[in-house]
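Take a look at the model below.

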Amino acid sequence: MINVGIITVSDRAFRGEYEDKGGPALKQFCEKCGWSVATQAVVPDEEALIGDKTQELAKTCSLVLLTGGTGVTERDVTPEAIRAIATKELPGFGEVMRLKSFERFPHAILSRNLAAVVNKSLVICLPGSPKGAVECLEFVAEAIPHAIELLHGNPTSH
């Protein structure tokens, strides 16, 4: 069973100015995949807080999903926060997410989605829109169980 932590990165959702819809959308997708969502959190667009919460969840979750903060504005710092704490970056995840998204939505080329290893957890940074986050996760979902098995040192036949 894949144990998942979900972090929504949004100043406005953190302040309660609007309802977090990205986290719940990801939770629903994860449950459909048979993955167990252990915890959900909302943090502001602050690099240190994003990194701290990710490291906290990576201690108990094999998969940490972040939604938000992957754009090009000044406050979009999720990729920087994850790169600062990661031991490895997995560029194929971001490449696939951008390529497949671009086919449907040309502005997706501006997204800075990525995946990385933090502790023994797979961390994936997804767009802030609920629809975009779920679609991008769908594009890479088949690779996730294999990646987690490898991170946990389990031999595979692939």
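The paragraphs below go through helix packing and then pockets.

This is a predicted model, so local features need pLDDT of at least 70 and side-chain atom pairs count only at pLDDT 80 or more, while totals for chains, interfaces and linings use all residues. Residues are numbered from 1 along each chain as its sequence is written, and side-chain values use heavy atoms, with hydrogens and water left out.

Two packed helices are described by the angle between their axes and the distance between the axes. Helices (H or I, at least four residues) and strands (E, at least two) are DSSP runs, numbered from the N terminus. Axes are lines fitted to C-alpha atoms, for helices over the stretch in contact, and angles run from 0 to 180 degrees between N-to-C directions. Angles under 35 degrees count as roughly parallel, over 145 as roughly antiparallel, 65 to 115 as roughly perpendicular and the rest as oblique.

Start with helix α2 (residues 22-32) and α6 (130-140). Their axes are 8 Å apart, at an angle of about 30°. That makes α2 roughly parallel to α6. The crossing is right-handed. A crossing is right-handed if the near helix is turned clockwise from the far one by less than a right angle, and left-handed if anticlockwise. Which residues of α2 and α6 meet? From α2 come Gly22, Ala25, Leu26, Phe29, Cys30 and Lys32; from α6 come Pro130, Ala133, Val134, Leu137 and Glu138. Contact means heavy atoms within 4.5 Å. By class, this contact of α2 with α6 has eight nonpolar, one polar and two charged residues. Ala, Val, Leu, Ile, Met, Phe, Trp, Tyr, Cys and Pro count as nonpolar, Asp, Glu, Lys and Arg as charged, and the others, Gly among them, as polar.

Helix α6 also packs on α5 (91-104). The axes of α5 and α6 come within 9 Å and cross at roughly 120°. The two helices α5 and α6 are therefore oblique to each other. Their crossing is right-handed.

Now find helix α3 (residues 47-58) and helix α4 (residues 78-85). Their axes come within 8 Å and cross at roughly 55°. That makes α3 oblique to α4. The crossing of α3 and α4 is right-handed.

Next come the pockets. Rolling a probe the size of a water molecule over the atoms shows where empty space is left. On a 1 Å grid over the protein atoms alone, a pocket is an open set of points where a 1.4 Å probe fits, with protein on both sides within 12 Å along at least five of seven lines; lining residues have an atom within 4 Å of a point. Grid points are joined across faces, edges and corners, and a volume is the space filled by probe spheres set on the points.

The largest pocket has a volume of about 460 Å³. Its lining has 22 residues, and Phe105, Ser111, Pro127, Ser129 and Gly132 lie nearest its centre. The largest share of that lining, four residues, comes from α6. The second largest pocket has a volume of about 350 Å³. Its lining divides into three nonpolar, nine polar and eight charged residues.
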